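The sequence and the three-dimensional model are shown first, and the description follows.

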Amino acid sequence: MSDPLLTLVLILAKLGVIFGVILTLAAYLVLAERKLLARMQLRYGPNRVGLFGLMQPLADLIKLLTKEDFLPARADKWLFLLAPGISAVTALLTFAVIPFGPPLELFGKTVPLVVIDLNVGVLYFLAFSSLAVYGIALGGWASNSKYALLGSIRGLSQLISYELSMGLAIVPVVMMARSFSLTEIVMAQEKIPYILLNPVAFMIFLISILAESKRIPFDLPEAENELVAGFHTEYSGMRFGLFFVGEYINLIILGSMVTVLFLGGWHGPWLPGVIWFSVKVLAICGFFIWVRGSMPRLRYDQLMHFGWKVLLPISLLNVLVTGAILLGMG
Amino acid sequence: MTATLLFYILGAITVVATLLAIIQRNPVHAVIYLVNSFFALALIFYLLGAPMIAAWEVIIYAGAIMVLFLFIIMMLEISPSSDPVRSAPGWAQWVPIFILAIALASCTLLLTGLDPVIAEGLPRWHASPRDFGYALFKEYALAIEIVSFQLLFAAVGAFYVGRLEQKKSQREGSS
């Protein structure tokens with residue numbers, strides 16, 4: 001087999017594995033969230049389908065697939081049909097640059113455990129997370145419903161606002177690692193993970209991605225008690241399912257980014273790299289679920305004030321201080 | 001050879017998508033065409049060996065500026081259901097964007113297959129972010145400073161105009 005062909009086959013294999021793992025993980029993350037939330041609220045959660053309710057995601061899938069695919073009157077048909085796809089696909093594509101393990105020796109050849117190691121990996125992640133906005137915006141607009149439109153306008157302004165501080169929280173990491181490649185950022189954290197070197201950036205990044213994932217303290221785009229369900233009010237069946245699963249895929253992606261940028265990626269004692277990586281990602285996802293179980297929703301002006309007047313200045317200051325310290329150390 | 005061909009295809013996609021963006025009557029559809037053209041432009045940058053600029057093209061133009069456009073369009077559209085253009089039948093309207101998107105996707109696939117990181121085919125002169133930064137802030141430092149001052153002036157001016165409007169409307173409201 002020629003070399004480029006082998007590389008292409010390896011890439012396709014990696015894509016297949018990632019696709020399967022991420023989708024399964026997303027489905028079971030939904031179950032885990034429901035279970036954990038239930039236990040936090042002294043309920044049982046889903047426990048009827050299969051052992052401990054383990055078949056619940058499958059039952060949900062069957063329900064979503066057999067439900068009527070409803071199209072609202074006077075909706076913009078093609079955009080309405082396309083928007084959930086944009087939402088799920090942009091989330092899935094981001095995983096292409098995330099390194100989930102140390103390079104592997106296979107057939108006498110080193111295989112990096114990342115689909116493609118771009119030298120602008122961080123920017124690739126930022127690009128696709130900013131494109132995810134289109135799914136929400138177009139979905140809400142095409143629905144031709146006031147709740148959906150309000151939800152997507154809220155979502156747009158929220159995502160734009162918090163993307164800034166998210167990007168600025170990554171800047172110190174890039175400065176410390178001296179690289180935009182995610183693999184090299186993980187390599188640079190072999191001794192000390194960046195959460196210890198720059199906890200401020202870690203906190204800013206964590207808060208910003210909570211807002212980016214539109215989850216509880218920041219879930220105004222889909223605030224149930226005001227907007228019915230926000231931007232996906234008019235969606236049903238598998239199209240709603242795509243939005244829903246896109247959200248959980250996004251959760252896994254953001255968890256992986258925290259792991260790669262601040263928790264040292266695959267580095268860790270004793271266990272193999274891939275396991276360390278998964279444990280860290282799942283811990284971050286668990287943290288998100290915990291936050292959902294224990295926080296109230298912010299008011300909209302509070303959300304904007306916090307983003308622009310607190311988070312953004314702190315992250316700018318953090319970039320400046322990190323730069324000064326790095327310059328001082330030479 | 002393949003690179004040249006790809007360049008022309010991508011250039012054609014950019015031009016056609018931009019033209020369609022101009023002639024669309026529905027502003028949201030125009031935004032989608034323009035985003036399509038930005039993607040093609042980003043791929044051209046990547047083809048020319050500048051992955052960094054390609055990424056910025058998508059982040060800034062497709063991800064930030066067009067989202068702001070979309071935001072304004074959605075804010076200003078007072079009653080979307082009364083727009084006669086919007087309820088026009090879909091098929092004919094949507095064929096061009098599908099053709100463009102499919103062409104773009106196949107170009108991307110071809111480009112990934114030809115990428116020097118994966119296979120030898122294109123020249124290996126991919127500019128690294130480091131080289132890019134040095135070129136920007138050493139060779140063209142003065143130009144960059146002038147441009148950023150211009151942006152600062154624009155921002156201050158926008159703030160000033162916005163403030164004036166607000167005060168006037170407050171005074172009108174109170175009287």
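## Terms and basis

Two residues are said to be in contact if their C-beta atoms, placed from the backbone, lie within 7 Å. Helices (H or I, at least four residues) and strands (E, at least two) are DSSP runs, numbered from the N terminus.

The model is predicted: local features need pLDDT of at least 70, side-chain atom pairs count only at pLDDT 80 or more, and totals for chains, interfaces and linings use all residues. Residues are numbered from 1 along each chain as its sequence is written, while chains are lettered from A and ligands numbered from 1 in the order in which they are written.

## Helices α10 and α11 of chain A

In chain A, Leu251(A), Ile252(A), Gly255(A), Ser256(A), Val258(A) and Thr259(A) of α10(A) meet Phe277(A), Lys280(A), Val281(A), Ile284(A), Cys285(A) and Phe288(A) of α11(A). By class, this contact has eight nonpolar, three polar and one charged residues; Ala, Val, Leu, Ile, Met, Phe, Trp, Tyr, Cys and Pro count as nonpolar, Asp, Glu, Lys and Arg as charged, and the others, Gly among them, as polar. The axes of α10(A) and α11(A) are 8 Å apart, and the two helices pack at an angle of about 120 degrees. That angle makes α10(A) oblique to α11(A). Axes are lines fitted to C-alpha atoms, for helices over the stretch in contact, and angles run from 0 to 180 degrees between N-to-C directions. Angles under 35 degrees count as roughly parallel, over 145 as roughly antiparallel, 65 to 115 as roughly perpendicular and the rest as oblique. The crossing of α10(A) past α11(A) is right-handed; a crossing is left-handed if the near helix is turned anticlockwise from the far one by less than a right angle, and right-handed if clockwise.

Helix α11 of chain A covers residues 273–294, and its 22 residues should span 32 Å at 1.5 Å a residue; the end C-alpha atoms are 32 Å apart, which agrees. The expected span is 1.5 Å times one less than the number of residues. Among the buried residues of α11(A) are Trp276(A), Phe277(A), Lys280(A) and Ile289(A). A residue is buried if 20 or more other C-beta atoms lie within 10 Å of its own, exposed if 12 or fewer, and partly exposed in between; the C-beta atoms are placed from the backbone. Glu247(A) lies in helix α10, residues 237–262, and is buried, with 21 other C-beta atoms within 10 Å.

## Two loop residues of chain A

Most residues other than glycine have a negative phi. Leu42(A), in the loop between α1 and α2 (56–66) of chain A, has a positive phi near 55 degrees. Leu42(A) is exposed, with 6 other C-beta atoms within 10 Å.

Arg178(A) also has a positive phi near 55 degrees. The loop between α5 and α6 (182–188) of chain A holds Arg178(A), which counts as exposed with 12 C-beta neighbours inside 10 Å.

## Where the chains meet

How many residues of chain A are in contact with chain B? There are 28 residues of chain A in contact with 27 residues of chain B. On the side of chain A that touches chain B, α1 (3–40), α3 (77–94), α4 (121–142) and α5 (146–177) each supply at least two residues. Helix α4(A) gives the most, with nine residues. By class, this side of chain A has 19 nonpolar, six polar and three charged residues.

## Chain B and its opening helices

Chain B has six helices and zero strands. Of the 175 residues in chain B, 23% are buried. Among contacts in chain B with a separation of 6 or more, 61% are between residues 24 or more positions apart.

Helices α1 (residues 2–23) and α2 (residues 27–47) of chain B have axes that come within 8 Å and cross at roughly 160 degrees. The two are therefore roughly antiparallel to each other. Their contact has 16 nonpolar, five polar and no charged residues, and α1(B) passes α2(B) in a left-handed crossing.

Ile9(B) is found in α1 of chain B and counts as partly exposed, with 17 C-beta neighbours inside 10 Å. Not counting residues up to four places away in sequence, Ile9(B) touches Ala103(B) and Cys107(B). The C-alpha atoms of Ile9(B) and Ile44(B) are separated by 9.7 Å, although the two residues are 35 residues apart along the chain.
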